[in-house]
Amino acid sequence: MTGTEFEEHVALEGEWLVLALSKHNVAMIRRAAGDLAASMEDKRANLAWPRAWRGHTSVFPAAYESRREQSAYRDRHDADLRADLMAAAHRVIAALDAGRPVRYPAAAADDLLRVLGVARLLSTRRSSADVTADYLTAVQHDIVVTLRPELTEVGPA
Amino acid sequence: MTVFRVVAYNDLHSEDMVVADILNRVCGLPLTDAVSLTRQIAVAGRATVGLAATRDDAEVIAARMLGFGLRPVIERNTP
């Protein structure tokens with residue numbers, strides 16, 4: 001877990017979460033969400049993808065230590081997880097493309113939290129010190145601070 | 001009988017309050033437990049965040065956590 005801090009402005013306005021982000025930071029989140037949406041494609045089912053891409057499907061950390069159990073787990077859950085995340089990523093991208101400040105229904109804030117959290121896995125896979133990953137973490141943090149201020153003090157005792 | 005447990009590992013990126021929020025709202029843990037377990041994950045590197053009688057139940061919890069970018073592992077709850 002981290003203690004990264006960025007200057008961002010996230011606020012709750014009625015039923016909307018309003019994110020006052022710079023143009024640069026909107027672009028960074030959009031790129032991350034786009035990468036996530038692309039990575040959620042089931043490349044095994046799409047022969048148009050290059051062979052190397054089709055084989056590269058492990059975005060998520062393993063839920064089992066056993067390879068056999070993990071493989072069965074993926075067969076049972078991967079498709080639904082990917083479909084849900086891809087849909088969430090497209091909803092987030094649509095909101096980002098609608099202009100600044102970014103407005104998102106507070107009731108659907110989990111879309112943002114999920115997209116930011118999993119897109120971060122892609123960034124950290126490229127580099128453990130990825131600035132995009134740190135930024136996605138910071139925005140995730142600010143959203144939770146805004147929606148649940150009672151959790152602000154959560155940290156190591 | 002509890003056969004499986006879901007163990008959350010410190011992923012080194014998630015903020016504590018985000019982890020607590022997910023454990024509370026998404027995994028259904030009471031807020032005080034979610035906060036306490038989040039602290040345990042941060043300090044000890046891991047914590048058992050779910051106990052399940054069936055593999056299916058454990059996998060549902062794990063899939064929810066994976067969908068937020070957390071790092072759960074399902075283990076057999078052997079004594």
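Two residues are in contact if their C-beta atoms, placed from the backbone, lie within 7 Å. By this criterion, 27 residues of chain B are in contact with 33 residues of chain A. The structure is a predicted model, in which local features need pLDDT of at least 70, side-chain atom pairs count only at pLDDT 80 or more, and totals for chains, interfaces and linings use all residues. Residues are numbered from 1 along each chain as its sequence is written, and chains are lettered from A in the order in which they are written.

**Interface, chain B side**
- Helix H1 (16–26), helix H2 (31–44), helix H3 (55–66) and strand E3 (71–76) of chain B each supply at least two residues of the side that touches chain A; helices (H or I, at least four residues) and strands (E, at least two) are DSSP runs, numbered from the N terminus.
- H1(B) gives the largest share, six residues.

**Chain A overall**
- Chain A has five helices and three strands, in the order β-β-α-α-α-β-α-α from the N terminus on.
- Of its 157 residues, 31% count as buried, that is, with 20 or more other C-beta atoms within 10 Å of their own, C-beta atoms being placed from the backbone.
- Among contacts in chain A between residues at least 6 apart in sequence, 68% join residues at least 24 apart.

**Helix H3 of chain A**
- H3(A) spans residues 67–97 and bends by about 50° at A:His77, the bend being the angle between axes fitted to the seven residues ending there and the seven starting there.
- Buried residues in H3(A) include A:Tyr73, A:Leu85 and A:Val92.
- A:Gly99, with a positive phi near 110°, follows H3(A).

Methods. A residue is buried if 20 or more other C-beta atoms lie within 10 Å of its own, exposed if 12 or fewer, and partly exposed in between; C-beta atoms are placed from the backbone.
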